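Colleague: I've got a model open and I'd like to learn how to read it. Can you walk me through it?

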Amino acid sequence: MLVTIAAIFLLSMVILSTNRGLITTSTVMVDNRYGILGVSLATSIIEQASGKAFDHNTDTIAVTNVNQLTNVEALGIDPGELSSDPTTFNDFDDFNVYRTVPRTDSLIIEGTNKKMVFNTYVSVDYVNPDNPNNISSTKTWCKRISVKVISPGLNDEIKMSSLYSYWYFK
């Protein structure tokens, strides 16, 4: 009789441990799915910006002096471009202060009936080429785009950045 009770106890412990492992695995998989989607959104914005000209002035001419570049305080969209439509942007720094709530498939936050909503925030700054972690208060040949993705379904916010440099040859 004691052996039977011990066997049932051991079987119960195995079943509980297995269930706990399955629940943990399921939670990690859902978190990873949201994280991968957030990273994909940030990467998409960075790639879209990197496909544009370095600066509004380099879109049509070869610039050989940093003074010909857009002023630090003027980084952002140019006249005729729509802040809600990045396809109208013609250069990298037009993405400065770009914000969007990208459409995603019908994701539901685990354990709730709320739809998963991602918010992306973008900033573009001139940076010191020798130390790209430092924002420059003057024009340089190097710009950095930083994208932040936040969502109530994410455990952490996602931050990604990329550098874009302008090269000219004499």
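**Reading the model**

Modeller: Start with confidence: the protein has a mean pLDDT of 84, with 87% of its residues at 70 or more. pLDDT is the predictor's confidence in each residue, from 0 to 100. This is a predicted model, so local features need pLDDT of at least 70 and side-chain atom pairs count only at pLDDT 80 or more, while totals for chains, interfaces and linings use all residues. Residues are numbered from 1 along each chain as its sequence is written, and side-chain values use heavy atoms, with hydrogens and water left out.

Colleague: Where in the protein is confidence lowest, and where is it highest?

Modeller: As a general idea, where pLDDT is low, the predicted coordinates should not be read in detail. Here the lowest mean is 79, in helix 1, and the highest is 95, in strand 4.

Colleague: How many helices and strands are there in the protein?

Modeller: Helices (H or I, at least four residues) and strands (E, at least two) are DSSP runs, numbered from the N terminus. The protein has 1 helix and 5 strands, in the order α-β-β-β-β-β along the sequence.

Colleague: Why is strand 4 described as largely enclosed?

Modeller: Buried means under 20% relative accessible area, exposed over 50%, and partly exposed in between (1.4 Å probe, protein chains only). Strand 4 (residues 142-150) has 7 of its 9 residues buried, so the rest of the structure largely encloses it. Across the 170 residues of the protein, 33% are buried.

Colleague: And the aromatics: how do I read a ring pair?

Modeller: A pair of aromatic rings is described by the distance of the centres and the angle of the planes. Rings of Phe, Tyr and Trp (its six-membered ring) pair if their centres lie within 6.5 Å; planes under 30 degrees apart count as stacked, over 60 as edge-to-face and the rest as tilted. That gives 7 aromatic pairs. Phe-54 and Tyr-164 are edge-to-face, because their ring centres are 5.7 Å apart and their planes at 65°. Phe-54 sits in the loop between helix 1 (2-50) and strand 1 (99-100) and Tyr-164 in strand 5, so this pair ties together parts 110 residues apart in sequence. Trp-141 and Tyr-166 are stacked, because their centres are 5.6 Å apart and their planes at 25°. Phe-54, Phe-92, Trp-141, Tyr-164 and Tyr-166 are linked by ring pairs into a cluster.

Colleague: Is Thr-140 buried or exposed?

Modeller: Thr-140 is buried, with a relative accessible area of 10%, and lies in the loop between strand 3 and strand 4. Contact means heavy atoms within 4.5 Å. Not counting residues up to four places away in sequence, Thr-140 touches several residues, including Phe-54, Val-66 and Leu-69.
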